Amino acid sequence: MMQFMLLFSRQGKLRLQKWYVPLSDKEKKKITRELVQTVLARKPKMCSFLEWRDLKIVYKRYASLYFCCAIEDQDNELITLEIIHRYVELLDKYFGSVCELDIIFNFEKAYFILDEFLLGGEAQETSKKNVLKAIEQADLLQEPRHEYFNVPVY
């Protein structure tokens with residue numbers, strides 16, 4: 001089971017975090033700071049897996065963002081890499097060539113896509129088509145008020 005997922009920039013700025021285990025805010029900050037420093041210090045040609053405390057850390061860099069997951073010792077690293085890649089594909093499909101600014105300015109959508117895809121640290125839906133359909137339906141519910149009431153927007 002995945003313990004948490006972090007998205008951070010090459011400068012170490014945290015862009016998204018999702019925790020699947022209960023931890024105090026102080027502990028989350030400590031873990032985040034330590035992992036960001038550890039991952040950023042690694043060379044590009046190094047393996048994307050590392051053992052940290054009693055967990056395995058799996059990370060992948062896409063453009064200027066690092067996607068970092070912590071999994072339990074008995075979990076499969078390659079499946080976790082595939083989960084990271086699937087999440088990036090979903091973001092790419094939704095935003096159309098996703099970039100760091102899409103995550104920054106539409107973080108609620110990034111969280112929503114992640115929640116449609118993962119539930120409790122486990123893959124909930126493996127079909128990209130089904131996840132995107134659920135997101136599309138949720139977007140339809142959030143249409144601006146002026147379209148329903150024919151009220152001019154100022």
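Me: Leaving aside its neighbours within four places in sequence, which residues is Leu-118 in contact with?
Reply: Leu-118 is in contact with Met-2, Met-5, Tyr-20, Ile-83, Ala-123 and Gln-124, where contact means heavy atoms within 4.5 Å. This is a predicted model, in which local features need pLDDT of at least 70, side-chain atom pairs count only at pLDDT 80 or more, and totals for chains, interfaces and linings use all residues. Residues are numbered from 1 along each chain as its sequence is written, and side-chain values use heavy atoms, with hydrogens and water left out.

Me: Why is Phe-8 called buried?
Reply: Buried means under 20% relative accessible area, exposed over 50%, and partly exposed in between (1.4 Å probe, protein chains only). Phe-8 has 0% relative accessibility, so it counts as buried.

Me: What makes Arg-53 partly exposed, and what makes Ser-97 exposed?
Reply: Arg-53 is at 46% relative accessibility and therefore counts as partly exposed. Ser-97 is at 57%, so it counts as exposed.

Me: Why is the pair of Phe-8 and Tyr-66 called stacked?
Reply: Rings of Phe, Tyr and Trp (its six-membered ring) pair if their centres lie within 6.5 Å; planes under 30 degrees apart count as stacked, over 60 as edge-to-face and the rest as tilted. Phe-8 and Tyr-66 are 5.4 Å centre to centre with 15 degrees between the planes, so the pair meets the rule for stacked. Phe-8 lies in strand 1 and Tyr-66 in strand 5, so the pair ties together parts 58 residues apart in sequence. Strands (E, at least two residues) and helices (H or I, at least four) are DSSP runs, numbered from the N terminus.

Me: What makes the pair of Tyr-94 and Phe-95 edge-to-face?
Reply: Their ring centres are 5.0 Å apart and their planes stand at 90 degrees, so the pair is edge-to-face.

Me: How do you know that Lys-60 lies over the face of Tyr-62?
Reply: A charge sits over a ring if NZ of Lys or CZ of Arg is within 6 Å of the ring centre and within 35 degrees of the ring normal. Lys-60 is at 5.6 Å from the ring centre and lies over the face of Tyr-62.

Me: Which residues touch the most other members of the largest nonpolar core?
Reply: A nonpolar core is a set of buried Ala, Val, Leu, Ile, Met, Phe, Trp, Tyr and Cys residues joined through side-chain atoms within 4.5 Å. Of the 26 residues in the largest one, Met-5, Leu-7, Phe-67, Tyr-87, Leu-91 and Leu-118 touch the most other members.
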